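Here is a friendly note to read alongside the model. Take the points in order and keep the 3D view open as you go.

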Amino acid sequence: MTRTAAIDAVSAYFDAGTFQTELADLVAYPSESQNPDAAPELMRYLQQAMLPRLTALGFQCEIFDNPVQGGGPLLIGDRHEGDDLPTVLTYGHGDVIRAQDGMWRVGLAPFTLVEEGERLYGRGSADNKGQHLINIAALEAVVQVRGQLGFNTRIILEMSEETGSPGLAQFFEAHKDRLAADVLIASDGPRLQPDTPTMFMGSRGGVTFDLAVDLREGAHHSGNWGGLLADPAMILAQALSTISDARGQIRIPEWRPDSLTDNVRAALAGLPIEPDDPDSPKIDFDWGEESLTPAERAYGWNSFAILAMKSGVPEAPVNAISSSARATCQLRYVVGTNPQDILPALRRHLDAHGFQKVQIVPHERGFFAATRLDPSHPWVKFVQASLTETAGKPPHVLPNLAGSLPNDTFADILGLPTVWVPHSYRGCSQHAPNEHVLKPVCRDALRAMAGVFWDIGTGTGLPQT
């Protein structure tokens, strides 16, 4: 009954091919939460793929309908070993983004796990089926060797993360007691580098909205009316140019955060930012806030992006001045930005620059709120030490992820310190065709999480709550 034995057990689970077989079974569920026709698959994933396995591991489980109409179901599992033991909450989501059938490379299909060298291709392999499978298997390895975990565990699995986790906040408010814990330890997102564990303690928030200029009914001949009719595309382009400068530096004062403290800078100093895999794009070092390092731009600052633009019929242009123009925009923001003032500040900014005709149309569901746990928090230090012991080198520690996830529901509603240990890598094609995981990363992650769960179960050096 040793730490090494638990890590060896989970290594053998991977080396025997069991992990790959079980991941293939999970990927086979076409659980697209963005596809209304796939709604039955969301429940089927929880009932058939998760419930029997968690029950066999000693969890008392219950599946709930989402409190928001159209949201996917949720599962709570509880394994209780003692009233005087710490409780760890973990999380995963079994829904996936749209399959994008027909866009995958020849030989690949979204809901069939395909092995090519060190890669396992399939929708959900990285986001998030492979990640919560790793954590469940690591828990199983600890129980196999020790006979128990040595701590209490709760798990929440949702099936609507890819549509913005509708209903999750309301569900947490209604079930605070059933989700009470000392810490959240969960997995989503990528490592900074495939061969080194990563930790992050929060995420950037996001707001998505359209900027629209609607001037008249119908388009009109550009020769007969050019110079006489205002061009909505030109107006929109000029308005967008005031939001950031030519290198993408944000010009709206309220969108420039005040939270890039010396402590955060120190945590980000020296972290690798350039991807080391050939499939990832090269970083444009002359883009973004000039006074910041690339790591500070990605993890300590806000970024504005134009996701899509349209005026006229781009695929079949005609000689006509359009009646309207529209751009879908997004602000990813860190702690230190007032989310309630993001769009009002934009309205003030556009009006001050003479763009009253530009409408701001918020999306019904944007992203999640920004969160961040101090890197010096005792639970961060505990997990960091465990990962270091297993990997033989310190993990990369981020105050927050550059992307967004529903960490605010854990931090703000449940009041938990949150530690995320991601099991993918940045070149995994998450949310795109050809999504995949790396087999070496999966094996390494299984070993790392078995070490973390073993160490919690010893009761030695645990943070006091």
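1. Let's start with histidine 431, which lies in the loop between β18 and β19. Its phi is near 65°, a positive value in a residue other than glycine. Most residues other than glycine have a negative phi, and most peptide bonds are trans. Helices (H or I, at least four residues) and strands (E, at least two) are DSSP runs, numbered from the N terminus.

2. A word on how to read this. The model is predicted, so local features need pLDDT of at least 70 and side-chain atom pairs count only at pLDDT 80 or more, while totals for chains, interfaces and linings use all residues. Residues are numbered from 1 along each chain as its sequence is written, and side-chain values use heavy atoms, with hydrogens and water left out.

3. Next, find asparagine 128 in the loop between β5 and α4. The peptide bond that joins aspartate 127 to asparagine 128 is cis, with omega about 10°.

4. Which residue does arginine 123 pair with in a salt bridge? The partner is glutamate 435, and the closest N and O atoms are 2.8 Å apart. Arginine 123 sits in the loop between β5 (119-121) and α4 (129-146), and glutamate 435 in the loop between β18 (424-425) and β19 (436-438), so the pair ties together parts that are 312 residues apart in sequence. A salt bridge here is a side-chain nitrogen of Lys or Arg within 4 Å of a carboxyl oxygen of Asp or Glu; by this rule the count is 22.

5. Now zoom out. The chain has 13 helices and 19 strands, and its C-alpha trace spans about 85 × 45 × 45 Å along the principal axes.

6. The domain assignment, which comes from an automatic or database source, gives domain 1 (3-203 + 370-458) and domain 2 (205-267 + 287-368). Their C-alpha centres lie 34 Å apart.

7. How do the two domains meet? In contact (heavy atoms within 4.5 Å) are 23 residues of domain 1 and 16 residues of domain 2. The area buried between them is about 1,500 Å², with 57% from carbon and sulfur atoms. Buried area means the accessible area (1.4 Å probe) that two parts lose on being put together, summed over both. Ala370, Arg372 and Ser404 supply 40% of the area that domain 1 buries against domain 2, more than any other three residues.
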